[in-house]
Structure formats: C-alpha cells, structure tokens
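Please look over the sequence and the three-dimensional structure shown here before reading on.

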Amino acid sequence: MKILRNHTPCFLLFLLSFRTHVPVFAADRITLGESLTGNQTIISRGGNFELGFFKPGKSQSHYIGIWYKKLSGQSQTVVWVANRDKPLLDPSTSKLILLGNGNLVITNQTEKSPPIWSTNSLNATEAVLGDDANLVLRDGSNPSLVIWQGFDYPTDTYLPGGRIGFNKNTKKTWLLTSWRNQEDPAPGIFTLELNLEQGKLL
C-alpha cells in the first residue's frame, strides 16, 4: 500500500502527460479532407442524432441520412436524406467528404466522375451535425456564418427549427415530400407546403 501511494502522483502525471499528446477528433463534425465511408458515422454533441450511410428496410440501396440516435427498441427513424434519388449500391466504395474548396459531396471512390450528390458550397471548413438534426456547413473561424444547411433542403420530416415556406434568397420553396415507399426515400407523390397567397399549409 505504501508503494502505491508513493507512486500514484507520478503515475497520474504520466497519464496526463500522455493524454496531451493524443489527438482528439470531434465526433459531431467532418472537417476539410475528412470523409465517412462504410459504417462510419458522426453523432451530434448531445447524442440526439447520427449521420452516415444507411439502408432502408430490405432494400439493397444505400443513402447518406440522419436518424434518431437515442430511440431504443424501435426501427431506425430517418429524418433527412441527402442523395434520396441517387442511391448507392456499396457504401464501402463511396464516401461523404468535405473537399478542400469547402464543398461537401458524395463520391464513388472507384470512378472519376462528377459527385453523386453535392451541397455546391464553397469556403466551408467543417460540416457539423447539430442536436436539432440540422447539418450545417460553416467556416470554423466564424461559426455564426452558415454557408449551407440541411434545414434549407428538408425531405419528409418537419423538425423544430425547420422551415416550410419560401426562401427569398434562393427563390426556392421549403416543402416536405413523402418517400416513394418505406424502402425508397426518392420523392413520392405527397407534399406538404405553404400556400403563399392564403398563408395556409397545403
């Protein structure tokens, strides 16, 4: 016992010294040059949501999406899909990557072809998944400036902080569109949108 007490401070000092040399990566974001592939994911800081490749139901197609992380005892509940009309057959040969120019894209690692999906953004240094399920591209040196965000491109789920209406800056309508079916997130036949003339939901 005496020996352990005498060496404990030195041992703790050793551990602290070791930890300062271990790189720490933020689990809720993708930074320049980083990518996700296969079963890799990022999780929002509070653990509410997870982003990565997923396969709906018995489908053999894969997509990049965001789903609830904390729901237990239930099937995966997806709230946002990036490439909903451009499925991937093998996530191990594709990746979600933040390019050096600040554009977040899904590419096929085996083909030299245009991105499968792209945010068409520039100058972002990180893509951060928030606890509200909003994927935000921003410059890490100025986090308050949003370069691109998933809430501007909703799929079939309305979440607190999301929008339904008309974006005056991009001249695009924020609306929800159903999945084609439970195993295909491609745009379906039903939409929820705002009637701009009457100010009512359709």
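Predicted model: local features only at pLDDT ≥ 70, side-chain atom pairs only at ≥ 80, totals over all residues.

Residues are numbered from 1 along each chain as its sequence is written, and side-chain values use heavy atoms, with hydrogens and water left out.

Q: Is Glu 126 buried or exposed?
A: Glu 126 belongs to a strand, β10, which covers residues 126-129; strands here are DSSP runs (E, at least two residues), numbered from the N terminus. Buried means under 20% relative accessible area, exposed means over 50%, and partly exposed lies in between, with a 1.4 Å probe and protein chains only. Because its relative accessible area is 8%, Glu 126 is buried.

Q: Which side chains are joined to that of Glu 126 by polar contacts of 3.2 Å and 2.7 Å?
A: A polar contact is a pair of N or O atoms within 3.5 Å, where within protein one must be able to donate a hydrogen and the other to accept it, and residues adjacent in sequence count only if both atoms are side-chain atoms. The polar contact of 3.2 Å leads from Glu 126 to the side chain of Arg 29. The polar contact of 2.7 Å leads from Glu 126 to the side chain of Arg 138.

Q: Which residues lie nearest the centre of the largest cavity?
A: A cavity is a set of points on a 1 Å grid over the protein atoms alone where a 1.4 Å probe fits but cannot get out, and lining residues have an atom within 4 Å of a point. The structure holds 1 cavity of 30 Å³ or more, and the largest cavity has about 110 Å³ of space. Of the 13 residues in its lining, those nearest the centre are Trp 80, Phe 151, Pro 154, Thr 157 and Leu 159.

Q: Which residues are closest to the centre of the largest pocket?
A: A pocket is an open set of grid points with protein on both sides within 12 Å along at least five of seven lines. The largest pocket holds about 620 Å³ of space, and of the 27 residues that line the largest pocket, the closest to its centre are Trp 117, Asp 152, Tyr 153, Pro 154 and Lys 172.

Q: How much space lies in the second largest pocket?
A: Its lining includes Phe 54, Lys 55, Trp 179 and Gln 182. The space in the second largest pocket is about 210 Å³.

Key:
Helix = DSSP H or I, 4+ residues; strand = E, 2+ residues; numbered from the N terminus. Points joined across faces, edges and corners; volume = space filled by probe spheres on them.
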